[in-house]
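This briefing is set out by topic for a reader who has the sequence and the model at hand. It begins with a pocket and its lining, then turns to aromatic rings, backbone geometry and selected residues.

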Amino acid sequence: MQKILRIATVIMTCLAVGYFSSLVTRENIPTWYAMINKPSFNPPNWVFAPVWTLLYILMGYAAGRIWNKIDTDEANVKKAFIFFLVQLGLNTLWSFLFFGLHNPMLAFFEILLLWAMIFETYTQFKNIDKVAGYLLVPYLAWVSFATVLNGSIWYLN
């Protein structure tokens, strides 16, 4: 039961982070974001919420699996969780920089750091639990795409 509770706790935490990040995003979609230039490969707005919901669930499940290894590999689990928490914080910060401050340039440099932290989290997780590492691959792929999208928006505006 404790293993399931750990996984559920991290999933709910990730979903809560996503929800709070979405508050600043949602209010700017019909106003500022609708008015800026976007590249031709920009997905429709409705794509983002389901994709991010799935990604938060996957990253939460991955982190929960790592947390469940605390009794057998405490030092590495703690180190991996630090990277996980840093990337989760950077994930949240990006929404405020891009949508809150309307600053694609600052958001672009921040998303590069976010990508690096996700990659390091993936590496740390994979060394503890391969499945947990692989669960972060869709997140890494989406943020790679988001980095190109963010850079394109910065360039176009």
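The lining of the largest pocket consists of 18 nonpolar residues, nine polar residues and one charged residue. The model is a predicted one.

**The largest pocket**

- The space within the largest pocket amounts to about 660 Å³.
- Its lining is made up of 28 residues, and T25, F48, W52, S95 and F99 are those that lie nearest the centre of the pocket.
- Two or more lining residues come from each of helix 1 (2-35), helix 2, helix 3, helix 4 (104-128) and helix 6 (137-156).
- Helix 1 is the element that gives the most to this lining, and its share is nine residues.

**Aromatic pairs**

- In general, the distance of the centres and the angle of the planes describe a pair of aromatic rings.
- The model holds 22 aromatic pairs, with ring centres within 6.5 Å as the criterion.
- One of them joins W52 and Y56: the ring centres are 5.4 Å apart and the planes meet at 35 degrees, so this pair is tilted. An angle of under 30 degrees would have counted as stacked, and one of over 60 as edge-to-face.
- Both W52 and Y56 belong to helix 2 (residues 48-67), where four residues, about one turn of the helix, separate them.
- Y56 counts as buried because its relative accessibility is 6%, and the cut-off for buried is under 20%.
- What is the arrangement of the rings of F108 and F109? Their centres lie 5.6 Å apart and their planes are at 70 degrees, so the pair is edge-to-face.
- F108 has a relative accessibility of 17% and therefore counts as buried, whereas F109, at 47%, counts as partly exposed.
- A cluster linked by ring pairs contains W32, Y33, W94, F98 and F99.
- Y33, a member of that cluster, also has K38 over the face of its ring, at 4.6 Å from the ring centre.

- Helix 3 covers residues 74-100, which is 27 residues. From its first C-alpha to its last, helix 3 reaches 38 Å, close to the 39 Å expected at 1.5 Å a residue.
- Although H102 is not a glycine, its phi is positive, at about 55 degrees. For most residues other than glycine, phi is negative.
- With a relative accessibility of 35%, H102 counts as partly exposed.

**Selected positions and their separations**

- I29 is part of helix 1. Its relative accessibility is 22%, so I29 counts as partly exposed.
- I29 and F99 are 70 residues apart along the chain, and their C-alpha atoms are separated by 8.2 Å.
- F96 belongs to helix 3 and is partly exposed, its relative accessible area being 38%.
- Between the C-alpha atoms of F96 and A62 there are 25 Å, and the two residues are 34 residues apart along the chain.
- T147 is a residue of helix 6. Is T147 buried or exposed? T147 counts as buried, at 11% relative accessibility.
- T147 and L58 lie 89 residues apart in sequence, and from C-alpha to C-alpha they are 20 Å apart in space.

Notes:
Residues are numbered from 1 along each chain as its sequence is written. This is a predicted model: local features need pLDDT of at least 70, side-chain atom pairs count only at pLDDT 80 or more; totals for chains, interfaces and linings use all residues. Side-chain values use heavy atoms; hydrogens and water are left out. Rings of Phe, Tyr and Trp (its six-membered ring) pair if their centres lie within 6.5 Å; planes under 30 degrees apart count as stacked, over 60 as edge-to-face and the rest as tilted. Buried means under 20% relative accessible area, exposed over 50%, partly exposed in between (1.4 Å probe, protein chains only). A charge sits over a ring if NZ of Lys or CZ of Arg is within 6 Å of the ring centre and within 35 degrees of the ring normal. The expected span of a helix is 1.5 Å times one less than its number of residues. On a 1 Å grid over the protein atoms alone, a cavity is a set of points where a 1.4 Å probe fits but cannot get out, and a pocket is an open set with protein on both sides within 12 Å along at least five of seven lines; lining residues have an atom within 4 Å of a point. Grid points are joined across faces, edges and corners, and a volume is the space filled by probe spheres set on the points. Ala, Val, Leu, Ile, Met, Phe, Trp, Tyr, Cys and Pro count as nonpolar, Asp, Glu, Lys and Arg as charged, and the others, Gly among them, as polar.
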